[in-house]
Amino acid sequence: MAGRFAPRTPTTRITARGGHVPVPRPQVRDLEQHLELDLGLTLGPLRRGPADPTFRATADGSVWRASRTPDGAGTLRVRIRAGAVAAEAWGPGGPWLLDGLPALLGAEDDPAAFVPRHKLLAVTHRARRGMRLTRTGLVMESLIPSILEQKVTTDEAYRAWRLLVRKYGEPAPGPAPDGMYVMPDARTWAMIPSWEWHRANVDGKRSAAVVRAARVAHRMEEAAGMAPAEARRRLELIPGIGPWTSAETIQRSNGAPDEVTTGDLHLPGIVGWALAGDRTADDAAMLELLAPYEGQRHRAARLILLSGRVPPRRAPRMTPGNIAAL
């Protein structure tokens, strides 16, 4: 019998309903933590709504991510323990996720480059010292949900992302929390039938943009290794991907501190109100107000959002559409 069977992967065992089930041992990586780090603030932008199946924050302070890496599906668990970052990973993509852990936690970010010039930003910057700008190195996992968020309410976009990932993705490897999934691969995104987009309340323009990007996913992923401006130009070659979507993607995949989002319905008014008391500010006015922070304009905008200083609402929330009922 010797040599007829491949050796078993070493496993640990956990208790589950009905008995014991084998669970692959995690790959482990620890990083010494020299600076203050807030996992929630740093990794929070990667979460697409409270029920995102690819992201989970648990009561013990851990952050779980399920990602599709160049090496395949992987699950990453990160937590801060005894002054150090402890990480575990499972699945074929686990080693890739662990190799990218420092960048994910902001090791390539330089908060000291930000010099506050407004009292609000100085106070918020001091209060949020643990915020780092993450760099995932993965483009499609940020590009697709950003496309889904175009010109709809966040609740509509989050619901579409949740439904499509759960239906066409795969369960996250390892002992991930219940309900966690890895997003579909590019071929699966491109093959989703039109009626399933319809059921997820995604209109034809957005679904077509996702399909176009999925068909050249390898070219999209190359943008993670480019300078931010060049990366945005690469993404915007795809019809249906404009400045808003490319900025939202590159902020996450490339950790770009200066890629401020333009074309947003609310951000110019929020920035205008926070820095100049002008709730009617447009993109041009916003960029003028952020000009003193050139090189760090995205960080400045994030700090403004974290400050909680937003103009009072003057109109009801936009009513969500219901494409599925048409």
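Contact, as the word is used in these legends, means heavy atoms within 4.5 Å. The model shown in each view is a predicted one.

**View 1. The surroundings of W189 in the predicted model.** When its neighbours within four places in sequence are left aside, W189 is in contact with I144, W161, L164, M183, P184, W197, V210, V211 and A214. W189 is also listed, together with M140, L143, L148, W197, M220 and L235, among the residues of the largest nonpolar core that touch the most other members.

View 2. In soluble globular proteins, nonpolar side chains tend to be buried together.

**View 3. K151 in the loop between α5 and α6.** The loop that holds K151 runs between α5 (140-148) and α6 (154-168), and the phi of K151 is near 55°, which is a positive value in a residue other than glycine. K151 is exposed, because its relative accessible area of 85% lies over the 50% cut-off.

**View 4. N201 in the loop between α8 and α9.** N201 is placed between α8 (194-199) and α9 (204-215), and its phi, near 70°, is likewise a positive value in a residue other than glycine. N201 counts as buried, because its relative accessibility of 7% is under the 20% cut-off.

Conventions
Residues numbered from 1 in each chain as written. Predicted model: local features only at pLDDT ≥ 70, side-chain atom pairs only at ≥ 80, totals over all residues. Heavy atoms only, no water. Helix = DSSP H or I, 4+ residues; strand = E, 2+ residues; numbered from the N terminus. Buried < 20%, exposed > 50% of the residue type's maximum accessible area, 1.4 Å probe, protein only. Core = buried A, V, L, I, M, F, W, Y, C linked by side-chain atoms within 4.5 Å.
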